[in-house]
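Work through the exercises below with the model open. Try each task before reading its solution.

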Amino acid sequence: MNPLTRLAATVEEALAELPVVRVGGTVTDVSPTAYRVAGLSSFVKLGDRVGVRDGNRLIAGEAIRIDRDTVSVKPFEDRIAVGVGATAFRMGAMGLRPHPDWIGRVVNALGDPLDGGGPLARGDRTMPADREPPAAMTRARIDKPLRTGIKVIDLFTPICEGQRIGIFAGSGVGKSTMLAMIARAESFDVVVVGLVGERGREVREFLEGPLKDNRAKSVVIVSTGDESPMMRRLAPQSATAVAEYFRDLGKSVLLIIDSVTRYAHAARDVALAAGEPAVARGYAPSTFSELPRLLERAGPGAEGAGTITGIFSVLVDGDDHNDPVADSIRGTLDGHVVLDRAIADQGRFPAVNVLGSISRLAELVWSKEQRELVRRLRGMIARFEDTRDLRLMGGYHAGSDPDLDQAVALVPKVYEALRQSPDTGLVRDAFSDLAQLMRG
C-alpha cells in the first residue's frame, strides 16, 4: 500500500474513533420573529437547523441569516419560546428519510406522523428538503400522455406524465375540488399531496372525502394555516423531497401542492425576518428565486428513472391573474388552467376558462383530428363570448352570420358536456362523450 494511502486510512480510523463534539452558541437577542445566536457563525450555513434546549424540550429552528458574530434563527414553532442566554447548537442540514411504508400516512413538514398510526419507518438515505433540481441535459424527455378523467382538462389542456401545470384561481372558485378530482386519477403509482396553509377542518374533509379512494397509495404532508411561516415554507419542500424519493425508485408520482401562493407568503415572511427589502407588493427578491427552484424539482427524472407530474394550485390575490407571484409561476410551468369566478357564478363547474387556459405539451396528446376539433371549438367559444352583450341587447338575428349561428347552437351544448363534479366520477374518453352529446 502506498505510504500516503496508508497514512490517510490511519487518519480516517482515528477520526472515526473520536467522540462527536456538538458545536454550541448562546442566544443573545430575541424578537417576535427570530432570535440571534452568538458563536455559531463559523459553523453553520443558511438553511441549517439550529436547536435550543428548553428543559426537556428541543426547540428547532433554521438559520436564515449569518453575520460575522451572530446567526439569525427562525424557529419552526409559531411562538418564540427562547430566552436570552440559552444554549444553542447546530443540528445539520434539513432533510427527510422517506420509506415505502410512508404510503397511506399523514405527516407534518418535519416528517413526524400526524395520523396516530404509530412511528414512521425511516429510509436508508436522507432526502434534502432543498434539493437541487435535476440537471437539464440528464432529464428524460416527456412523451407519455395521461388521462386525468376530467373532461375539460383532457379536451382543452391535456397533460403528459412528468408535466408541471398550474391551477390558477381566486378563493372559493373550486380549486381544491379540482385538485381532489385529479388526485383520483388512476395513472400514477404514488400520490404525494402537500397541503400548505390549509384550514384545519379541511384536512380531514379532504382525506376522508375526495382522497378516500386513493388514500392507500398517497402520502400527505400537512401544514395548516395556524402553523409558523417556517412550517408552511417547509411543507412543499418536504412533499417534493418525498416525491423525489419515489421517483428515484422508478415510480410514476403525482405531486399536488395546494397552494404555491401560501408557500410564497411564508417565504416572504421568512425573508423579511432575515432583513431583506420588500420589492414587489411586499415580496422580497429571494421569493422569486425560490419559486422556480421548487417548481423545477418536479418533472421527469434521469433516463430510466420515474417521473413527477406536478399539479400546483395558485391562489390569485383579489382575482388578479397578473399578481407578481402568479406571473412568475405561470412563466415557469408547462401550462396553466384558469378558473373563472364569473363561470362559477353561473353554476358551471369545473369553472375553467377554456380560452385563458393552455397546455404547452398538448400537441403530444392530440391526434390530428382532435387538434382540429379543439381549434374549432375554441373559435366558436370565443365568438359566442365576444357577442354575449350584443345578443343580450337583441342585436343578433339568426341567419345573418352562419358562424355565429353555429356557435349559438353548439356552445351551450359544449358547456353542458363539460359539467362534472366529484360525484359523477371520472371519464375515460372525453372526446367520445363530447361528440355523443353534440350529435344528440
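Four bridges connect strand β2 (residues 35-38) with strand β5 (residues 70-75), and the two run antiparallel. Strands are DSSP runs of E with at least two residues, and helices are runs of H or I with at least four, numbered from the N terminus. Two strands pair if DSSP finds at least two bridges between them. The model is predicted: local features need pLDDT of at least 70, side-chain atom pairs count only at pLDDT 80 or more, and totals for chains, interfaces and linings use all residues. Numbering starts from 1 along each chain as its sequence is written, and side-chain values use heavy atoms, without hydrogens and water.

**Exercise 1.** Find the bridge partner of A38 in β5.

Solution. Go to β5; the partner is T70. Now widen the view. Six strands close into an antiparallel barrel, in the order β1-β2-β5-β4-β3-β6.

**Exercise 2.** Which residue forms a salt bridge with R36?

Solution. Apply the cut-off: a side-chain nitrogen of Lys or Arg within 4 Å of a carboxyl oxygen of Asp or Glu. D67 qualifies, with the closest N and O atoms 3.8 Å apart. R36 sits in strand β2 and D67 in the loop between β4 (57-66) and β5, 31 residues apart.

**Exercise 3.** Are D258 and K175 buried or exposed?

Solution. Start with the pair: their side chains meet in a salt bridge (3.4 Å, N to O). D258 belongs to strand β15 (residues 252-258) and K175 to helix α3 (residues 175-183), so the pair ties together parts 83 residues apart in sequence. Both are buried. Buried means under 20% relative accessible area, exposed over 50%, partly exposed in between (1.4 Å probe, protein chains only).
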